[in-house]
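Please consult the sequence and structure alongside the text.

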Amino acid sequence: MLFIQPSYFNLIGDDFMGNRAGDYRTNLSGEAAYKSFIPNPLPPCPSVEMDDEMISLLVKANKELAALESISSRIPNMNLFVSMYVRKEALDISFNTASSAIKRLIDAGILVQTENASRNRTFAYEKYLGILKRGT
């Protein structure tokens, strides 16, 4: 993953200018406006200087990636493993907290489990689904 320090960008007003990696482009307008990053073509100009420090950092990064790949090969279902952490980060709560909240919503009659499964369970708010189904 590439991390770029904010000071790397030459910030002028609301636009990023003078970035040798590429530029941000504003798409659409009004409330629908968003920015996308358009990378410059490779190889970069001026070219990347490969001094001893750069080579040392690349070797270190390569060793760390090899260690990560070795460890991750022992995980039986990588997609399930990653999805747990994506969900946790999105909600910023623990699995036990989420499970407890879901149980309370089921006990209150708000949520129902949509499939009879013990893993990767899905739930629905039936009244909301009923509203969406009206007139269809």
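## Basis of the model

The model is predicted; local features need pLDDT of at least 70 and side-chain atom pairs count only at pLDDT 80 or more, while totals for chains, interfaces and linings use all residues. Residues are numbered from 1 along each chain as its sequence is written, and side-chain values use heavy atoms, with hydrogens and water left out.

## The chain as a whole

The chain contains four helices and six strands (DSSP runs, H or I of at least four residues for helices and E of at least two for strands, numbered from the N terminus). Their order along the sequence is β-β-β-β-α-α-α-β-β-α.

Of the 136 residues in the chain, 6% are buried (under 20% relative accessible area; exposed is over 50% and partly exposed lies in between, with a 1.4 Å probe and protein chains only).

## The salt bridge

One salt bridge is counted (a side-chain nitrogen of Lys or Arg within 4 Å of a carboxyl oxygen of Asp or Glu). It joins the side chains of Lys103 and Asp107, at 3.0 Å from N to O. Both residues belong to helix α3 (residues 95-107), four residues apart, or about one turn of the helix.

Asp107 counts as exposed because its relative accessible area is 56%. Lys103 is likewise exposed, at 51%.
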